[in-house]
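User: Hi! I am new to reading protein models. Could you walk me through this one?

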Amino acid sequence: MQMPLCDMGATFFISDTHFGLQSQEDEDLKLEKLETLFAIIKAEGGSLYMLGDILDYWMEFHHVIPKGFTRFICLLSDLVRSHADVYYLAGNHDFFLGRFFDEELGVKTLYGVNSFTRDGKQFIVAHGDGLGEGDIGYKLFARFVRNRYFLGLFTGFHADLGVALMRKSSRFSRHHKQVNYTMEKDRLLNFAQSLVTKQEFDYFVCGHNHVRGEYLLSNGSSRYINLGSWIDGINSYGVFRDGALSLQEL
Ligand SMILES: [Mn+2]
């Protein structure tokens, strides 16, 4: 999907913050870091891409959203109201974002692989789940949980039961991923590598495998950037500023 151009300010990227996963102490620290990042974005102007697994689970009903993310939602709302463009691309934990983020918060929700241009540079952004060769078990699992009948089933339950099942499903996804952890690291890099032979881009930005890093691809100009996660105590983000993308820590 090609999105409209917006060349105002810097462009920021985060992924795999997994809010809702850790102890209250760790969650509070992550929220403080998020507040710091949002203050930078507000001061500088620009846009933010949240590339999935921002929330460790999310389940939205017709009239109900889960407890536990109030401070996150307030920070996000405040950022949008400061006129920042905010995009939220679904990951495998927050795999279905419903209409709440678009309609009530003014965040633009995205799915799958997206591309856009900033200051003449071409970006491809994705969470990273289900891309590339192999990991058939996970792909089947992802197809199952993103299926509208599965979602229909969940939203038909009482909200407490639906959210409890979603948290369980999120835990299952994590356990499955740990099994394939090493393979996942190369899988995304290989996918980006195979993409340079098919289409032009400057940056492939993703998360998902929690292995942060930056690699120059075989054409000698395109770069693979993995944003890493916030659950290991390193609160990293990507920023594209003055024509270059770099990884920073909060
Ligand atoms: Mn993920």
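User: What is the mean pLDDT of the protein?

Analyst: pLDDT is the predictor's confidence in each residue, from 0 to 100. The protein has a mean of 89, and 92% of its residues reach 70 or more. Over residues 2-7, pLDDT stays under 50. Where pLDDT is low, the predicted coordinates should not be read in detail.

User: How does the radius of gyration of the protein agree with a compact globule?

Analyst: The radius of gyration is taken over C-alpha atoms, and the globule rule is 2.2 Å times the number of residues to the power 0.38. For 250 residues a compact globule would come near 18 Å, and the protein has 17 Å, which agrees. Its C-alpha atoms fill a box of roughly 50 × 40 × 35 Å along the principal axes.

User: How many helices and strands does the protein have?

Analyst: Helices (H or I, at least four residues) and strands (E, at least two) are DSSP runs, numbered from the N terminus. Here there are seven helices and eleven strands.

User: What is the order of the strands in the open sheet?

Analyst: Strands of a sheet pair through backbone hydrogen bonds, either parallel or antiparallel. Two strands count as paired if DSSP finds at least two bridges between them. The open sheet has five strands in the order S5-S6-S7-S9-S8, with mixed pairing. Its edge strands, S5 (114-118) and S8 (213-216), each pair on one side only.

User: How do S5 and S6 run, and how many bridges join them?

Analyst: S5 and S6 (residues 121-125) run antiparallel, joined by five bridges. Serine 115 has isoleucine 124 as its bridge partner in S6, while phenylalanine 116 has phenylalanine 123. Two residues lie between the strands of this hairpin, where aspartate 119 takes a positive phi near 50°.

User: Which residues touch the most other members of the largest nonpolar core?

Analyst: A nonpolar core is a set of buried Ala, Val, Leu, Ile, Met, Phe, Trp, Tyr and Cys residues joined through C-beta atoms within 7 Å. Buried means that 20 or more other C-beta atoms lie within 10 Å of a residue's own, with C-beta atoms placed from the backbone. The largest core has 52 residues, and Met50, Leu51, Tyr88, Leu89 and Val205 touch the most other members. Of the protein's 250 residues, 38% count as buried.

Conventions: Residues numbered from 1 in each chain as written. Predicted model: local features only at pLDDT ≥ 70, side-chain atom pairs only at ≥ 80, totals over all residues. Buried ≥ 20, exposed ≤ 12 C-beta atoms within 10 Å, placed from the backbone. Contact = placed C-beta atoms within 7 Å.
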